Amino acid sequence: MPARNVVSSGLSNVNVRYSRLASDDDGYIDLQFKKSPPKVPYKAIALATVLFLIGSVLITIGSLLLAGYFGVTEHSDRTVPVLIIGILVFLPGFYHLRIAYYASKGYPGYSYDDIPDFDD
C-alpha cells in the first residue's frame with residue numbers, strides 16, 4: 001500500500017497507511033445495532049406508586065362513605081366526589097405500575113420506554 005502524508009492537529013508528514021474495504025462490506029458493524037440496556041425511570045415509577053396508593057385509599061374511603069359504614073348524615077353529598085377523585089388518581093398509577101412490572105419481568109411488548117420519564 002502506498003503511504004500518504006496527512007496534516008492533522010499540528011503534526012505534519014505523518015505516514016498513515018490506508019487499506020481498501022472488502023467488496024462485500026457495506027460499512028456497518030454489528031455493535032451499532034446492539035440495543036442498549038433499558039433505563040429504568042425510577043421517578044416515574046415512584047410517582048405511579050404514590051398515585052396508586054392515594055387512589056386506593058380514596059376509593060376505599062369513598063366506598064365506605066357511600067355504603068354508610070361511617071355515620072355521615074349531614075354531608076352525604078361529598079361521598080361521590082371522593083370516590084370519583086380516587087378512581088381518577090388510581091387509574092394512571094395502576095396503568096404505569098402494571099407496565100413497570102411487566103417490563104421488569106421481561107414480557108414481550110412491554111418496555112420501560114412506555115413510561116414517561118422526568119429527565120430533570
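Ala-100 touches Ile-45, Tyr-112 and Ile-115, residues up to four places away in sequence not being counted; contact here means heavy atoms within 4.5 Å. The model is a predicted one, in which local features need pLDDT of at least 70 and side-chain atom pairs count only at pLDDT 80 or more, while totals for chains, interfaces and linings use all residues. Residues are numbered from 1 along each chain as its sequence is written, and side-chain values use heavy atoms, with hydrogens and water left out.

Ile-45 lies in helix 1, which spans residues 42-67. Helices (H or I, at least four residues) and strands (E, at least two) are DSSP runs, numbered from the N terminus. With residues up to four places away in sequence again excluded, Ile-45 touches Val-40, Leu-97, Ala-100, Tyr-112 and Ile-115. Ile-45 and Ile-115 are 70 residues apart along the chain, and their C-alpha atoms are separated by 8.2 Å.

The largest nonpolar core consists of seven residues: Ala-44, Ile-45, Ile-99, Ala-100, Ala-103, Tyr-112 and Ile-115. Helix 1 and helix 2 (79-105) each supply at least two residues of this core, and the largest share, three residues, comes from helix 2. A nonpolar core is a set of buried Ala, Val, Leu, Ile, Met, Phe, Trp, Tyr and Cys residues joined through side-chain atoms within 4.5 Å; buried means under 20% relative accessible area, exposed over 50%, and partly exposed in between (1.4 Å probe, protein chains only).

A search of the whole structure finds one salt bridge, defined as a side-chain nitrogen of Lys or Arg within 4 Å of a carboxyl oxygen of Asp or Glu. The side chains of Asp-117 and Lys-39 form this kind of pair, at 3.2 Å from N to O. The pair links distant parts of the chain, 78 residues apart: Asp-117 is in the segment after helix 2, and Lys-39 is in the loop between strand 2 (11-17) and helix 1. Asp-117 is partly exposed, at 32% relative accessible area, whereas Lys-39 counts as exposed at 54%.
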